[in-house]
Amino acid sequence: MSVIGAPMDRRDGPAKTAGAARFAAEHLRPGLTHAALVHATVSRGRVTRLDTTAASAVPGVITVLTHHNAPPLKPAPKVNPLNLSTLVSGTSVNYLQDDEVHFDGQPVAVVVAETSAAAKEAAALVRAEYALLPSTVDFESMAPHAKKQPYSPVSPGAAKKGDAEKAFGEAPVTVDHRYTTPPHQHNAIEPHATIAEWDGNRLTVHDSTQSIDWCRNHLAIRFGVPAADVRVIAPFVGGGFGGKAMVWPGTILAALAARATGRPVRLALTREDVYRTVGGRTPSIQRVALGADRDGALTALIHTSVTRTGRVGGAPEQVTSQSRHLYDADHILIRASTVELDLVPNTSMRAPGESIGTFAVESAVDELAAELGMDPIELRMRNEPERNPLDGKEFTRRRLREVYEAGARRFGWRDRAPEPGVTRDGRWLVGMGVATAYHPAWVFTANLTLRLSADGTVLLRCGFQEMGMGAATALAQVTADALGVPVDVVRVEYGDSALPMAPAAGGSMQTASVAASVLDAVEKLKGRLPKGAGDPVAAVRRAGMPHVEVSVGSDTRFGRLAGQARLIGRFVRDRRRVRAATGAQFCEVRVDPDTGEVRISRWLGVFDIGTVVNAKTAASQLRGGIVMGIGMALSEETLVDPRTGRIMNPSLAEYHVPVHADVPRIEVSTLDDPDPTTPLGIVGAGEVGITGVAAAVANAVFHATGRRVRDLPITLDKVIG
């Protein structure tokens, strides 16, 4: 019986629940010291004076590093498509190498002390003075001056089919609205932390990273040492959501401080440190204009976006991505623009682009349904395409009709009153909303070794990341299934750059990428056994060998280039068809008409994520995405002072993430339909769960109250104002 799809418990569960799992900040090293950051308090300028006298006098302080005495550090590398580690520079700032300040919160000094308390006390005593330089920090005021987003393969920016503006002007039924989303922070349960230790020119770091291999190569470049002399260890990471994909100043400065002191250094960021030095999600201003005939057939779809990047880093988000694929409009116009601001650069956050893009386009579709007097699901199905609407490419498969049919039946959608504001439960107004979930699917290359021993055990070694999603468990299931052995005999080593390299845990691509290499390795291993051997374990025993081991890929420079070539070839092939995870989000809300309080009372998500490797961990991933989407819809907002660029709510006391009372029972189900173009048919579950959530909530609030909220989060004042 296949173990693929079985709802197995996560292998790291006992260690984490018993407190035995050691995260980045929890390793003990002889002579360990502790570091704390000193942040700039201006958005742009030059440091004219740094007084470290009082800080240096604190008992236990070893050194205070500034641009006056820090060891040399090489600049952040320019992006090189042949070295993907160059993509993970959180910023281009060369920390503590000059007096220039590029954003409020940039570290201008690092205190190293014998204890964490001493380091923090001393950091508070460092006094800095600045010569201010002109800065631009207000996104709203700069949005009218946004420039066309440059093309990239991940976020293409502009696209068009036909003449959408003309078709929109001629359409008998139209909606044309502006939607906004604020900046967001990742708020992983484990704040960023690093322990760095040098042994001569060899560097070892325990780091809370979700891109082990790229982090290693980036550190090698910054410190001018061979990549082979850098080791990054991260077996347990307490969540990342994209915030730990890049290399941020905490990691670099921990290694810099360790080099300066000759001792291991622990730099564990406070929650405020994370807000001020690690990028979050960009804000957005979006326009969605839809034109349709009176039967609901879309004649025009226009989706434009303005987002921000930092002047010293950050990348545009693919906010309009889903609008290229979801609806069969005759004429389509996609446009993306960006502004550069003097703020900590933005970075990827769970389902970057699609998470906020689906809020706008799925709200607009709901608004069009109201204009037409049509059921929102019926309108979506009326415009469900057979081929990719923008360019006519084939879908690898497309099951949205089945997803919506199953969800509507289970959720009781037929019982929904079509008119808004008429359904009550006591004093509460009740509403239902739906939205489509969408996220593209990626497969990268992964290197690994696979060993089958005569005692029946199997060892898989691969430097992938485990951030709580159950990757080690799922890949043990893949390996056991491919070899035809019990899953209990498969041991998995991961989380270390000393192992064969794996791609970053991002883009919902890790499981599919490593699984592809596992299947390759199993075929190579079987090729080493006598033909017709049957049971591979028995074949190894009969051959008198202690074990058979095979490798996929190579971590030599040639092997990496070959892997890059395979990746480029796969990317080119993938562009011939459109592959994505999809779903339907069903939401029921209750709204107090007097206070504007919104409570989510029911949730159902039905998804097509390809083959489900582990039913329990996949459901957990999907639920986690939905919970994050609920936070995006109702409460989460990074408040940036438009005068100074400082984040004004850098803590979980003031940045409100969902708590248990905010989250209803969340039901999820999947079609478990394999994608014919991916290994084992895996598509990915990590990010699609958040997409469509905010729109489903907004659509349900409209159905409950008749009030449309187009600016996230949906707060009390917007509901009753």
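Colleague: At roughly what angle do the axes of helix H12 and H13 cross?
Modeller: Keep in mind that this is a predicted model. H12 covers residues 471-483, and its axis comes within 10 Å of that of H13. The two axes cross at roughly 30 degrees.

Colleague: Is H12 roughly parallel or roughly antiparallel to H13, and why?
Modeller: The axes cross at roughly 30 degrees. Angles under 35 degrees count as roughly parallel, which makes H12, relative to H13, roughly parallel.

Colleague: How many nonpolar residues are there in the contact of H12 with H13?
Modeller: From H12 the contact takes in residues including Leu475 and Val478, and H13 brings Val514 and Leu519, among others. The crossing itself is right-handed. By class, there is 1 charged residue and 3 are polar, while the nonpolar ones number 11.

Colleague: Where is Ser508, the residue with a positive phi?
Modeller: Ser508 is a residue other than glycine, yet its phi is near 55 degrees. Its place is the loop between strand E22 (490-493) and helix H13 (510-527).

Colleague: How far apart are the axes of H9 and H17?
Modeller: H9 spans residues 354-372 and H17 spans residues 693-705. They pack at an angle of about 30 degrees, and are therefore roughly parallel to each other. H9 passes H17 in a right-handed crossing. As for the axes, the distance apart is 8 Å.

Colleague: How many charged residues does the contact of H9 with H17 have?
Modeller: On the H9 side, Glu362 and Asp366 are among the residues that meet H17; from H17, the partners include Asn699 and Phe702. The contact has 6 nonpolar and 3 polar residues, and the charged ones number 2.

Colleague: Which residue forms a cis peptide bond with Leu712?
Modeller: The bond has an omega of about -5 degrees.

Colleague: Which are the edge strands of the 7-stranded open sheet?
Modeller: The strand order is E3-E5-E1-E13-E10-E11-E12, with mixed pairing. An edge strand pairs on one side only. That holds for strands E3 (61-65) and E12 (230-233).

Colleague: What does the twist of that sheet average from one strand to the next?
Modeller: Inside the sheet, E10 (residues 193-199) and E13 (residues 265-268) run antiparallel and are joined by 4 bridges. In that pair, Ala196 stands opposite Val265. From one strand to the next, the sheet's twist averages 20 degrees.

Colleague: What angle does the direction of H7 make with that of E10?
Modeller: Helix H3 (residues 116-123) packs on the sheet, touching E1, E3 and E5, and its direction makes about 20 degrees with that of E1. Helix H7 (residues 249-261) packs on the sheet too, touching E1, E3, E5, E10, E11 and E13. For H7 and E10, the angle is about 35 degrees.

Colleague: In E27, which residue is the bridge partner of Phe607?
Modeller: E26 (residues 598-608) runs parallel to E27 (residues 666-670), and 5 bridges join them. Together with helix H16 (residues 615-634), these strands make a right-handed β-α-β unit. The bridge partner of Phe607 is Thr670.

Notes. Residues numbered from 1 in each chain as written. Predicted model: local features only at pLDDT ≥ 70, side-chain atom pairs only at ≥ 80, totals over all residues. Heavy atoms only, no water. Axes fitted to C-alpha atoms, helices over the stretch in contact; angles between N-to-C directions. Helix = DSSP H or I, 4+ residues; strand = E, 2+ residues; numbered from the N terminus. Parallel < 35°, antiparallel > 145°, perpendicular 65-115°, else oblique. Left-handed = near helix turned anticlockwise from the far one by under 90°. Contact = heavy atoms within 4.5 Å. Nonpolar A, V, L, I, M, F, W, Y, C, P; charged D, E, K, R; others polar. Pairing = 2+ DSSP bridges. Right-handed = clockwise from strand over helix to strand, strands pointing away.
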